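Please look at the sequence and the structure first.

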Amino acid sequence: MIEALNGAIDALSAAVFTKLSLFGTPIEAIVIWLAVPMLLATLLLRFINITGLGLAFRVLRTGQDKAEDGDVSQFAALSTALAGTIGLGNIAGVAIALTSGGPGAIFWMFVIGWFAMALKMAEVTLGLKYRAIDADGHVRGGPMYTLKHGLAARGQPRIGLVLGGIYAFFALFGAIPLVQVNQSYAQVAAVTGFTSGWGYGIVMAVLVAAVVFGSAPWLGRVASRLTPFKVAVYMIGVLAILILKADAVPAALAAIWHGAWSGDAALGGAVGSFVVGMRRAVFSSEAGVGSAVIAHSLAKTDEPVSEGLVALLEPFFGTVIVCSLGGLAMVVAGTWDDGLQGIAVTSAAFASVADWFPVVLAAAVFLFGYSTLCAWGFYGLQAWGYLFGRSGVATWSYRIGYVAILPIGAVLDLGRVIDLVDSAFFLMAIPNIVAFYLFAPELRRDVVDYLRRDRARRAA
């Protein structure tokens with residue numbers, strides 16, 4: 001079964017990552033597909049990723065929980081989205097970026113993270129605007145509903161239904177985050193000596209089932225408690241490396257800067273570094289993929305733009321801060337160039353502080369992987385419901401299937417797991433970015449109107 005799955009992943013990856021040649025360096029067409037809307041969203045929304053940062057924190061702090069529609073608070077919606085976004089892509093993904101593209105890839109992850117903030121705000125704002133609200137006040141949302149309801153409002157319901165279905169279909173594959181099981185097992189096994197991948201995968205599946213079989217508010221409560229804690233545990237380790245090896249930080253920053261603009265083939269090397277940084281930044285922020293829209297659509301707010309502002313903080317926390325500092329710590333420790341792969345690079349960096357320090361990483365990795373698996377189980381359930389309905393049989397069949405497939409991630413090859421996740425993410429991005437282009441004019445009008453009303457409220 002594993003061999004057949006490996007072959008299918010190889011075929012899918014070859015089909016998805018069509019390559020062009022730029023300055024003599026292969027570059028995936030899908031990278032351009034995502035980079036262009038990030039830049040356009042930044043320009044369209046007047047650099048809201050910088051000017052709106054303070055407002056985003058204010059909205060998150062004050063909230064709009066008195067709104068009638070919605071299932072969870074804006075903070076819980078953000079926590080749920082962060083539970084799915086800030087995962088092992090922010091730990092193992094950074095290590096993979098370093099070993100594949102060198103220190104320069106960290107610079108590009110940082111830059112792309114800023115542009116990703118604008119695109120994340122755009123897709124979440126549209127998702128809130130076109131979410132579905134049941135008679136009892138419960139909500140459903142995501143790019144599939146943006147396409148379905150947005151195009152229906154323009155008199156094209158069939159096209160919207162089909163495009164929404166395409167997104168939901170791809171999301172079913174994206175909602176199998178096997179990398180979380182794979183890399184959390186790798187670190188836990190390295191620390192504890194536990195050698196049964198299947199056994200670890202089954203244990204993780206049982207723990208995930210305890211949340212996936214619950215409700216959206218239950219997931220929100222779990223995420224709002226786990227997300228701050230898991231980030232704190234990881235960042236303690238990262239900051240310990242940077243503080244104890246502070247004398248190496250300037251050289252590491254120089255390596256990251258120079259690596260971003262040079263390489264084996266000069267400009268071609270810089271392009272290669274950008275491509276790696278782009279792929280890993282998308283995995284860490286999920287901007288353009290549309291998955292986090294599903295979580296944010298649950299928020300109790302009548303202002304779509306306000307939730308878009310809250311969503312803007314996701315790439316800021318996950319990519320700009322967590323990924324950048326983690327990548328800097330690995331460059332400082334020098335473990336990225338030791339022939340290691342994936343989470344082993346991060347583990348070696350932690351071990352450079354103290355022999356027992358990888359245990360801290362193992363705890364963080366487990367929490368990152370677990371919370372992400374819980375969040376993506378919910379995302380997949382929403383896509384499944386869009387395609388097959390929300391009857392008890394349909395809902396339970398998805399939950400059982402999702403939990404049952406997780407152990408496979410612990411025994412697959414890391415490279416193929418990464419290719420599968422990247423392929424699924426980029427396929428999801430195709431209809432999601434189409435939605436961004438279709439609704440960009442009304443998105444700009446809505447954001448400008450909200451900012452005008454916010455200024456008027458503060459001036460009153």
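The points below go from the cores to the helix pairs and then to individual positions.

This is a predicted model, in which local features need pLDDT of at least 70 and side-chain atom pairs count only at pLDDT 80 or more, while totals for chains, interfaces and linings use all residues. Residues are numbered from 1 along each chain as its sequence is written, and side-chain values use heavy atoms, with hydrogens and water left out.

**Nonpolar cores**

- The largest nonpolar core has 81 residues, and Met121, Tyr234, Leu309 and Met330 touch the most other members.
- Helix α16 (residues 304-333) gives the most to this core, with 14 residues.
- A separate second core has 42 residues, including Leu172, Tyr200, Val211 and Phe378.
- A nonpolar core here is a set of buried Ala, Val, Leu, Ile, Met, Phe, Trp, Tyr and Cys residues joined through side-chain atoms within 4.5 Å.
- Buried means under 20% relative accessible area, exposed means over 50%, and partly exposed lies in between (1.4 Å probe, protein chains only).
- Helices are DSSP runs (H or I, at least four residues), numbered from the N terminus.
- Not counting residues up to four places away in sequence, Tyr234 touches Asn90, Ile91, Val322, Gly326, Met330, Thr346, Phe350, Leu361, Ala364 and Phe368; contact means heavy atoms within 4.5 Å.

**Helices α4 and α16**

- The axes of α4 (residues 53-62) and α16 come within 8 Å and cross at roughly 110 degrees; axes are lines fitted to C-alpha atoms, for helices over the stretch in contact, with angles from 0 to 180 degrees between N-to-C directions.
- The two helices, α4 and α16, are therefore roughly perpendicular to each other, a label for angles of 65 to 115 degrees.
- Their crossing is left-handed, that is, the near helix is turned anticlockwise from the far one by less than a right angle.
- On the α4 side, Leu53, Leu55, Ala56, Phe57, Val59 and Leu60 meet Ser306, Leu309, Val310, Leu312, Leu313, Phe316 and Phe317 of α16.
- This contact of α4 with α16 has 12 nonpolar residues, 1 polar and no charged; Ala, Val, Leu, Ile, Met, Phe, Trp, Tyr, Cys and Pro count as nonpolar, Asp, Glu, Lys and Arg as charged, and the others, Gly among them, as polar.

**Helices α10 and α18**

- Helix α10 (residues 178-192) and helix α18 (residues 358-388) have axes that come within 9 Å and cross at roughly 155 degrees.
- α10 and α18 are therefore roughly antiparallel, the label for angles over 145 degrees.
- The crossing of α10 with α18 is left-handed.
- Among the contact residues are Gln180, Gln183 and Val188 of α10 and Leu361, Phe368 and Thr372 of α18.
- The contact of α10 with α18 has 10 nonpolar, 6 polar and no charged residues.

**Single positions**

- Asn432 lies in helix α20 and is buried, with a relative accessible area of 6%.
- Beyond its neighbours within four places in sequence, Asn432 is in contact with Glu123, Pro143, Tyr167, Gly288, Val289 and Gly290.
- Asn432 and Gly142 are 290 residues apart along the chain, with their C-alpha atoms separated by 9.4 Å.
- Asp419 is also placed in helix α20 (residues 414-459), but is partly exposed at 25% relative accessible area.
- Thr42, in helix α2 (residues 29-44), is buried with a relative accessible area of 1%.

Terms used. Angles under 35 degrees count as roughly parallel, over 145 as roughly antiparallel, 65 to 115 as roughly perpendicular and the rest as oblique.
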